[in-house]
There are 6 protein chains.
Amino acid sequence: MARTISFGEIMMRLAAPGQQRFLQANQLEITYAGGEANVAVSLAAFGHDAAFVSVLPQNPLADAAVASLRYYGVDTATVLRVKEGRLGLYFLEAGASQRASKVIYDRAGSSIALAPASLYDWPKLLSGRQWFHTTGITPALGDQAAQATADALRTAKQLGLTTSFDLNYRAKLWSRDKARQVVGPLLKNVDLVIGNEEDAKDVLGIVAEKTNVVSGHIDHAAYEGVARRIRDQYGPQRVAITLRESESASINHWSACLLDGDQFLLSRRYTIHVVDRVGAGDSFCGGLIAALLDGQSSQEALEFAVAASCLKHTIPGDFNKVSKEEVLALCAGDGSGRVVR
Amino acid sequence: MARTISFGEIMMRLAAPGQQRFLQANQLEITYAGGEANVAVSLAAFGHDAAFVSVLPQNPLADAAVASLRYYGVDTATVLRVKEGRLGLYFLEAGASQRASKVIYDRAGSSIALAPASLYDWPKLLSGRQWFHTTGITPALGDQAAQATADALRTAKQLGLTTSFDLNYRAKLWSRDKARQVVGPLLKNVDLVIGNEEDAKDVLGIVAEKTNVVSGHIDHAAYEGVARRIRDQYGPQRVAITLRESESASINHWSACLLDGDQFLLSRRYTIHVVDRVGAGDSFCGGLIAALLDGQSSQEALEFAVAASCLKHTIPGDFNKVSKEEVLALCAGDGSGRVVR
Amino acid sequence: MARTISFGEIMMRLAAPGQQRFLQANQLEITYAGGEANVAVSLAAFGHDAAFVSVLPQNPLADAAVASLRYYGVDTATVLRVKEGRLGLYFLEAGASQRASKVIYDRAGSSIALAPASLYDWPKLLSGRQWFHTTGITPALGDQAAQATADALRTAKQLGLTTSFDLNYRAKLWSRDKARQVVGPLLKNVDLVIGNEEDAKDVLGIVAEKTNVVSGHIDHAAYEGVARRIRDQYGPQRVAITLRESESASINHWSACLLDGDQFLLSRRYTIHVVDRVGAGDSFCGGLIAALLDGQSSQEALEFAVAASCLKHTIPGDFNKVSKEEVLALCAGDGSGRVVR
Amino acid sequence: MARTISFGEIMMRLAAPGQQRFLQANQLEITYAGGEANVAVSLAAFGHDAAFVSVLPQNPLADAAVASLRYYGVDTATVLRVKEGRLGLYFLEAGASQRASKVIYDRAGSSIALAPASLYDWPKLLSGRQWFHTTGITPALGDQAAQATADALRTAKQLGLTTSFDLNYRAKLWSRDKARQVVGPLLKNVDLVIGNEEDAKDVLGIVAEKTNVVSGHIDHAAYEGVARRIRDQYGPQRVAITLRESESASINHWSACLLDGDQFLLSRRYTIHVVDRVGAGDSFCGGLIAALLDGQSSQEALEFAVAASCLKHTIPGDFNKVSKEEVLALCAGDGSGRVVR
Amino acid sequence: MARTISFGEIMMRLAAPGQQRFLQANQLEITYAGGEANVAVSLAAFGHDAAFVSVLPQNPLADAAVASLRYYGVDTATVLRVKEGRLGLYFLEAGASQRASKVIYDRAGSSIALAPASLYDWPKLLSGRQWFHTTGITPALGDQAAQATADALRTAKQLGLTTSFDLNYRAKLWSRDKARQVVGPLLKNVDLVIGNEEDAKDVLGIVAEKTNVVSGHIDHAAYEGVARRIRDQYGPQRVAITLRESESASINHWSACLLDGDQFLLSRRYTIHVVDRVGAGDSFCGGLIAALLDGQSSQEALEFAVAASCLKHTIPGDFNKVSKEEVLALCAGDGSGRVVR
Amino acid sequence: MARTISFGEIMMRLAAPGQQRFLQANQLEITYAGGEANVAVSLAAFGHDAAFVSVLPQNPLADAAVASLRYYGVDTATVLRVKEGRLGLYFLEAGASQRASKVIYDRAGSSIALAPASLYDWPKLLSGRQWFHTTGITPALGDQAAQATADALRTAKQLGLTTSFDLNYRAKLWSRDKARQVVGPLLKNVDLVIGNEEDAKDVLGIVAEKTNVVSGHIDHAAYEGVARRIRDQYGPQRVAITLRESESASINHWSACLLDGDQFLLSRRYTIHVVDRVGAGDSFCGGLIAALLDGQSSQEALEFAVAASCLKHTIPGDFNKVSKEEVLALCAGDGSGRVVR
């Protein structure tokens, strides 16, 4: 069991039930979510100590967000509660077949976006930890959050933590130009960069040739080039890329590749009947970090991460509620879905 | 934005939740539905002025039916409220895989079925409109409704409206012989005839050879012959036929063809994971009428209609709750169902 | 209409809604279930008189279990109510895609497990019946239950009933060794043995070569050998084996074979989008028994049983809520799932 | 355990959830209900054999109605299934405080309303029974149903059954004049007449002076006069009248009186927080009949009936789902609602 | 039918189901609400033409807010849709007994709060209308909204409309001092001022002596003084004050008084079992305006308004979904809540 | 913030929705509950460190029980997970008005009941704590659990903790005689004894004269005698007794008394509209312990405990989800239930 810590926003996720469109929904299902919180939950589920740093307002809705993290085993002693700002929200409408899922963010003015970088005592927060994780969403929340992210990564490296960073581009939060300008310098303190097939282009301007994400077909080989260019330009030891082939909102193919030093590894590819794909990339990060911390080999860790995130697609909510045993069983080849009695 | 008007029955649809059979359901989900009302909702969704003519009783259930039409943007000032009769109902049990969906109609004695043809002041109702739509269900409700349908179509043509008629055969309402006898003469006042792969046979006695709807395979070419015979026998300028290949209740292939003058056009074909297929034919009509009114070319309009109705299969309820932008995005090739953030 | 009787446990089934994991469920959906009760419900649904022998405690939860059987047409006059013991429960978490469904049994200390074999007056219970059915679960409940099962089968044969026995191995209830030791001797009083692709191995130690249930691929031919060896070793007139190929929790292929005397028959194979597969094996038994009692030929009966159980996969709950007409329609080839209006 | 039989309509009851108005409901909760079916369920709950005679169409909705009666222990072998007509429905909107509950009947054209009087073989249906019950709703369904009611009561008396008749006036089904004209002659074959504080006036034209049902205050004494006049005019041995004082839709006071021969008895009066008051009158009938059949004294039977129907007010659905033990505990004075562990 | 227009914010209301606390809720029930929108819905329900002026963003959540207003009959052609800002939200936790209901506003940054006063073309918006209504919430949204409110009221008076203003103090939006400073000058263009027992003090600094709202007891007479002082200080022709005596969250007493010129009128007082009290004050405004527009006398209008808002307490959601007939029935004395069949 | 620790069973509570009876429920609502767990949740809610000692099996249902405690802030590091036994369950049917709530326990064979007394390392578990709490349920689970309870109390006193014991008699678990025999000796290590109006009699044989709990009326004075006799016989420093007057399942009056040394204190009495009264006694314990630990005076602590438990009656689930601020506001007199915005 390693001691990890993640930093980012946690939001209330309000999802229309079943396949209902927003226009017809009379209820919304509450869960809690956020790129970094999702990773913390995965790390806890896989047996690691998982602390989470965030900033939330003092009201019962935010109380519930914190309680939900505790429910899933996350250490929330590092969540700061302040007077300013609100709990960020996001609204989710699940797609099906040719109809895409739709996310409406309502996170402006959240407490973490308003919090000054000076609020965080990083040396204290990171003391005694082994791994620090954050994503491209956190610096996108605003200049203060970007500063806090830079402080955190720098302090983490100074204290000897391993660091990971999921590129996670959010077009509603900032432009591609701004993203590149802010994220680029951060990466010098990052050991593991993770991205999906679009992030490299959006955040870093690195394009995989011959790939069309809309068509749903991916030239796996092209991503080796992307990974190598990220490594060459920004210097992380490892670069992992998740590869989603969206046949439709109902059927996805899912795999990933990992450049570890000079070794390029490609994972098994799963064909998935999608229940809920939001948070799948985060569950890949969580699986990869957990497996590396457990001392699995690069190939094993990659397969663990892909299997973990394959299972996430079958579970409602952003959080990946699977055990290490379940992931290992899938890695070992049992994807038949036979009833376990 | 064109001014359209549709005429027909609106019913309360009572659906068993999820995949439950009637025998096990403890709740029923209320929506409102009807072949012509569904078209009006589509027309409103695509930005047209959509009035709806119907007859309903004076009670809170019918109030809700009217309110629901208003919710989806339909102009309900032309809905007549009377003392006689009841609100028609239909019960729906959704199928899955090899198990077919089941519809139980409970519409006998509805206000529109009891209403005398003289109730409708067609010159006034149709004044200032550009397009009139109805279906084979309306004249099947009874002799008075058949008379009203004839009056409406004749008046519409006299006033210069374009008219469309979806054949929509309902075996529970009348026999094939009666249908042919009544519908045939109506078609002389119809500019656009729409039907599915079974209607032409059931209502007009025109058979597509070499096709077996139960097997789920369709010889697309055979439908050109059907369309041409409809045009030759009944004279509409355009004939559209939707082509459903039911692999199972869960997987359908969906396409359509359009005979426009002498030009025969075939659409793209979608493979659909079905959420709710009831009302899909109506959403095709709505899409086709809207696109034609928008001045799209015949091929574009056909593709728009098929894409619109493809999306309908992914949405609970008869009404098609999609925007023109969403349909055009699918026409443009994005059926990958990737999350829109 | 034949007079049948089944013997076994009925439990409250508590299922997490939709695809929720146990950890996230806030509600559980109640139905009632049990290998033999499921068969009784099928027999009643197909028009036979279906009595059910069980032992239940005297409390409102058990009242509901009995009432539910009555709801589905089962004769419950033969359900014994006692002071000792509790109502058995099982918790169900439905899987999806690569994630398997999970069953947690909570049946220890149930009234039927505690009941002495002497509680049952088999000559009276079986008098006037034509068919007796039970499964390998009942003797696994304990030594008294095993004795009662032996008594029942022996008395049934003495009274001239046809008997059937579904092997149904439950690893949580007993070991393979104990199962073989107890079930073997029972089979001499059994006319029809039913099993799935794993039961023959688990309960009788008879292995189908070249088959790997986890991979999801099955060598159908190998099962002829299994069936013949069961017949040769234990003497039943008929042996039926259901063959499930689990592509994933969402997609299964489903077929069966029947050795009738010396004739080996293979059924049609269905590809199923799974809604709820629990109880499917029982619905096969129910369909087979009903069809044989109706005088269908062996091939017809096999096809009826496979079609009935194919439909079961599309229905929530263990009980198979389909009519004979619906099964015959599927046997006749209509698996297109087109809406029945 | 006595053998009883009731005759009347059973409907699907579709209730808006909670305190929702029809206009805002998105779901309806299904239960089954009917004045006479409700009595049959009470009789079964109190340990009597309770057959129910009705006429229903052949469809899955009516199957569920029958199954629901079986669930609650009613013998449904005497329910006739026919091709003609539909399942009657009623829609319920629960009131609260000053807002009244609202019932919309949608029962026209039901199978029982269309059935000819000759459909029923009363000598066979009533053979071996001890008590026959029906209400003023059944003859109100139409002339054939009125004839069938007359036939049933006459045959019942000829065969020596005790008969009961709940006046149950339904203004939507017939006028007061028609009711009086039809019901009056029926009462000569009735041993026990039951009514509420309004029925006597509506059906029989007998008015309790000094009482204003809208004000919610009732002069109990005045009802002795009403009961005596019913006895004097129509000759039944017993007349029972339920007395509801509606303080609001949320708080009701509930009591009853019974004229037995010349003895006039008044019951205890309960102040009730109402959960669902529909069917309360029927539960009074069921309690009274059951208690009389059990040989309780008149005063005991009256108290049993009032206590049973008091409890009905606390249970969702028309059916009274209480046991004899629970009613006797309330009769014995425990209305404190303390938790039973 | 008079032509009315209201101006204010409409929010999505997200309510925890039943009596759940925020901390335990897994779902939230969506309705739409706002002090002025609630009044518009009441006016439409009572048969008046009710337009609503507001500003909303261009997204599906706001589409649903607009559609919901249309559902309840409000004319939404005057709702402006803009790029800036978000849809305001409020979260509701319903109380019970000694536990108070809790509202969490999340409305900062809403489109209407950000909109410049110049966005509104008041002469056009108000043209042809008879009555203009707004509340103290609208100017509290910000300086631009305050300016818009002033513009609207001034223009309304210039165009000859009757104007009403509900004081509606919201402590989360502004201080008492700011409120007094802004609202005071607005009132010179107001014909009817409405407030509750706290607003006069909070907004205008006018205190009813001898009243303690926490204790739940109100000295009705003291409010005559308050009303007269409002009239004397600010000049409106009529001042109405609602008087809530909160015995607990479950039981409230509800009445109102009206100073019309020099005549002071006190209404009937209702004791209410509360289902949902949010929006009750607005339903009083809506009832009062409707009744005055219908030409009812002052006393009749006051009683109509109190009865309408009494009924609101029994209906889930802010909107008052009652008809004029239902209100008049309660005015006429029927608060017994007897079932209407 | 004091460090507390409680010891007992935690069960899954499965409640029928709304006012449904078990016989009609199709779903059960999951929460987690247990006399001592409920106290731990209260202590955490009021700001204390609250550890909980229990024994649970290793399965996902028990995982959820633990997670739920974490959700509500309880420290679960002291929950032992073992292979033997099951998760205890209890089924709850909520009463209303004259119908009592019903609890069906299904806890036999739970892991804590099977656990040997030697499993617990009390010196380690209790080290550093200030307060130990348990109830009469724990020793009733079996001889080993009784031994563990004795060990815990003895060790606690040796280590200088304050100890509290809620008598909590459970007739389904043991007889009154056995209870007295086991609990009596335990009390010598108890500083604070808590009971309700029945426990003293059931567990200790001490009767309050002139009180009839079924009638709902309580002679408060009589309880002073009971408290004094408990003190005199068993020696605790403080004795608290909760006093419930059950007018019906819907309306309860609630108060308590406290004998502190020689001082006898009586609390304010609340009239409560009951939402969910299960767990109210535990919330009283939690409130009393928290207030005493906070240094409130005896009278203040008693009022705090009664107010806290008054609020519990308004919240679904056993756990009391209220804050110290909310309780203090009620103590200060605000029980008006006015909306907090």
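**Figure 1. Surface and overall form of chain A in the predicted model.** The accessible surface of chain A amounts to about 10,700 Å², and carbon and sulfur atoms account for 48% of it. Accessible areas come from the Shrake-Rupley method with a 1.4 Å probe, and for residues only the protein chains shown count as cover. This is a predicted model, in which local features need pLDDT of at least 70 and side-chain atom pairs count only at pLDDT 80 or more, while totals for chains, interfaces and linings use all residues; side-chain values use heavy atoms, with hydrogens and water left out. Residues are numbered from 1 along each chain as its sequence is written, and chains are lettered from A and ligands numbered from 1 in the order in which they are written. Along its principal axes, the C-alpha trace of chain A spans about 50 × 50 × 45 Å. A compact globule of 341 residues would have a radius of gyration near 20 Å, and the 19 Å of chain A agrees with this. The radius is taken over C-alpha atoms, and the globule rule is 2.2 Å times the number of residues to the power 0.38.

Figure 2. Of the 341 residues in chain A, 67% are buried. Buried means under 20% relative accessible area, exposed over 50%, and partly exposed in between (1.4 Å probe, protein chains only). Among contacts between residues at least 6 apart in the sequence of chain A, 68% join residues at least 24 apart, where contact means heavy atoms within 4.5 Å. The mean positions of the 35 positive and 36 negative charges of chain A lie 3 Å apart. Lys and Arg count as positive and Asp and Glu as negative, whereas His and the chain ends are not counted. Each charge is placed at NZ of Lys, CZ of Arg, CG of Asp or CD of Glu.

**Figure 3. The contact between chains C and B.** Chain C contributes 25 residues to this contact and chain B contributes 29 residues. Between them the two chains bury about 2,400 Å², with 53% of it on carbon and sulfur atoms. C:H273, C:R338 and C:R341 supply 33% of the area that chain C buries against chain B, more than any other three residues. Buried area is the accessible area (1.4 Å probe) that two parts lose on being put together, summed over both.

**Figure 4. The contact between chains D and F.** Here 25 residues of chain D are in contact with 29 residues of chain F. About 2,500 Å² is buried between chain D and chain F, 53% of it on carbon and sulfur atoms. On the side of chain D, the residues that lose the most area to chain F are D:H273, D:R338 and D:R341, together 33% of what that side buries.

**Figure 5. Helix α1 of chain B.** Among the buried residues are B:E36, B:N38 and B:S42. The helix is followed by B:G47, whose phi is positive, near 95 degrees.

Figure 6. B:N168 lies in the loop between β9 (162-166) and α7 (176-186) of chain B. Its phi is near 40 degrees, a positive value in a residue other than glycine, and B:N168 is buried at 9% relative accessibility. In chain F, F:N168 lies in the loop between β9 (162-166) and α7 (176-186). The phi of F:N168 is positive, near 40 degrees, and F:N168 is buried, with a relative accessible area of 9%.

**Figure 7. Surroundings of D:D106.** D:D106 lies in strand β7 (residues 102-106) of chain D and is buried, with a relative accessible area of 8%. Apart from neighbours within four places in sequence, D:D106 is in contact with residues including B:R86, B:L89, D:R86 and D:Y90.

**Figure 8. Surroundings of E:V322.** E:V322 lies in the loop between α11 (298-312) and α12 (324-331) of chain E and is buried at 5% relative accessible area. Not counting residues up to four places away in sequence, E:V322 touches D:R21, E:A45, E:F46, E:L311, E:I315 and E:V327.

Methods
Helices (H or I, at least four residues) and strands (E, at least two) are DSSP runs, numbered from the N terminus.
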